[in-house]
Amino acid sequence: MSENRTIRIGLLGFGVVGQGVWKNIEVNRSTLKKRLGVDLTITDVVVKNLERERAIQVPPEMLSSDPARVVDNSEVDIVCELMGGTTEALHFTRRALEQGKIVVTANKALICEHGEELFNIAQASGGHYLYEASVAGGIPIIKMIREGFIANRFRLIFGILNGTSNYILTRMEREGLSFEETLGDARSLGYVEADEALDLDGIDAAHKAIILAYLAHGKWVKLDSIICEGIRSITGDDITTAGALGYKIKLLAVIDRDFEANELSVRLHPAFISKSEVIAGVDEVYNGVSVSGDVVGTAVLIGKGAGQDATASSVISDLADAVAILQGANKLNTQEQKNCADQKRTECLELTSIDAHSGCYYLRVHVKDEEGVLSKVSDLLAKQHISLATVNQKQLKDGTALIMLTTRLSNERAITSAKSSLSSQGAVLSEPVSFRIFDPS
Ligand code: HSE
């Protein structure tokens, strides 16, 4: 390819990330040209609403509302899908890949729900589907796992993959604010997704965990087959108790592989994590991913997990890979994840069932502040063979009390049964809440 070649990029979607890509290609145009040997030029921008005012003014001849103008245009070298959603985006990604095109995306929901099909289309047609910006914003975790850590088998990958919920938990912890108060601020700062459940119920982070699990282990996991719990039930009392016991509460994605049993556990839930873990110190809108490989040991990557520039950084990194593909490099066979060299073992890889998880737990029980209640609670737990590690009690102004316990090694079945028997006690005033205590060892 000639050094003077211009690489033509068509953007589907021109929201926060699309404008970030435009802006940062402009800002670093000459540096990118030196590094890539070609000129990156956005030639077409497709938007839903042509009339909307945007921070970046696109020349009218480049703007359209017709995705076909990008997808079916033989002059466009790279299709950049930043429209989001899983309907139109699926249709046009399919159509572009079927034509053997290179598609760059930040669309984690689309990959999570339809990645298997889309990677297969790309493989069959000679197209490429690049997705660095779909997980952990500006952290190049996809490239790290795919290339930097290629020598490794991954026993454990865990971390914080949702910036909005991390921001909320950080402010609750630092300022003693309630979930609702902090959520209000997160909304006004524009952090929370339009569909708030994606951030608050853990779905967004679960999508990202599923993508990492595929990348590291070659197995597509369905969202409804994993533990996926968000942050809505966390209170200031939980955070304070965790802190007093040496923990922070973080919304953790955990991808845990047992090579001997050939099982994979993928889960997303709030967890107590020791303050001594690097990931526990990842606060505000930052993301952090800890990768443990059999060759490298443990490496931790931390960076902005969301936001215009951080996400644009990852999109542009994929655009650079797309340039390498257009220049004939074949090292980027991203459809066939080379990490899954042991294909037979990947095919037989079983997903650990949701209720097979074992570990220590934290349990909060709201009770009438009466004599004998604590011993009733501990008797019920003993019936489930749950042994207690710590007990804290807080008296509330309304004459009720919170009993906050941590357990020794237990399991999902025992904790679920214990919560259900506790709920049926007259002295227990609301459904008990539990969180897992995460131990990476
Ligand atoms: N809602 C996401 C987050 C945006 O807060 O992390 C980045 O994927």
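**Cores, ligand shell and selected loops in a predicted model**

Arg408 sits in the loop that runs between β16 (400-407) and β17 (410-411). Helices (H or I, at least four residues) and strands (E, at least two) are DSSP runs, numbered from the N terminus. The model is predicted, so local features need pLDDT of at least 70 and side-chain atom pairs count only at pLDDT 80 or more, while totals for chains, interfaces and linings use all residues. Residues are numbered from 1 along each chain as its sequence is written, and side-chain values use heavy atoms, with hydrogens and water left out.

Arg408 has a relative accessible area of 48% and is therefore partly exposed. Buried means under 20% relative accessible area, exposed over 50%, and partly exposed in between (1.4 Å probe, protein chains only). Arg408 is 47 residues from Tyr361 in sequence, yet their C-alpha atoms are 7.3 Å apart. Neighbours within four places in sequence aside, Arg408 contacts Gly359, Cys360, Ser387, Leu388 and Ala389. Contact means heavy atoms within 4.5 Å.

Ala427 counts as buried because its relative accessible area is 13%. Ala427 and Gly372 are 55 residues apart along the chain, with 9.7 Å between their C-alpha atoms. Residues up to four places away not counted, Ala427 touches His366, Val367, Lys368 and Val373.

The largest nonpolar core has 77 residues. Ile141, Ile157, Leu161, Ile168 and Leu212 have the most contacts inside this core. Helix α10 (residues 203-217) gives the most to it, with 10 residues. A second, separate core has 33 residues, including Ile9, Trp22, Leu82 and Ala106. A nonpolar core is a set of buried Ala, Val, Leu, Ile, Met, Phe, Trp, Tyr and Cys residues joined through side-chain atoms within 4.5 Å. In the 77-residue core, Ile168 touches Phe179, Thr182, Leu183, Ala186, Leu200 and Ile231, residues up to four places away in sequence not counted.

His207 is also part of helix α10. Its relative accessible area is 4%, so His207 is buried. Beyond four places in sequence, His207 is in contact with Lys108, Ala109, Cys112, Glu113, Leu198 and Leu223.

For Lys108 the distance is 2.5 Å. For Lys208 it is 2.8 Å, and for Asn162 it is 3.5 Å. A polar contact is a pair of N or O atoms within 3.5 Å. Taken alone, the ligand exposes 260 Å², and the protein buries 87% of that. Accessible areas come from the Shrake-Rupley method with a 1.4 Å probe.

Asn287 lies in strand β11 (residues 286-293). With a relative accessible area of 0%, Asn287 is buried. Asn287 touches residues that include Asn162, Gly163 and Gly305, as well as Leu161 and Ala136, leaving out those up to four places away in sequence.

Ala136 is placed in the loop between β6 (128-130) and α6 (141-148). Its phi is positive, near 60°. Most residues other than glycine have a negative phi. Ala136 counts as buried because its relative accessibility is 0%. Asn262 also has a positive phi, of about 55°, and is not a glycine. Asn262 is found in the loop between β9 (247-258) and β10 (263-274). At 9% relative accessibility, Asn262 counts as buried.

In helix α4 (residues 88-98), the residues Ala89, Leu90, Phe92, Thr93, Ala96 and Leu97 are buried. They pack against β1 (6-12), α3 (68-71), β4 (78-81), β5 (102-105), α5 (108-125) and β6. An α-helix has 3.6 residues a turn, so residues three or four places apart point the same way. After α4 comes Gly100, with a positive phi near 75°.

Definitions and conventions
Polar contact = N/O pair within 3.5 Å; in protein donor to acceptor, adjacent residues only side chain to side chain.
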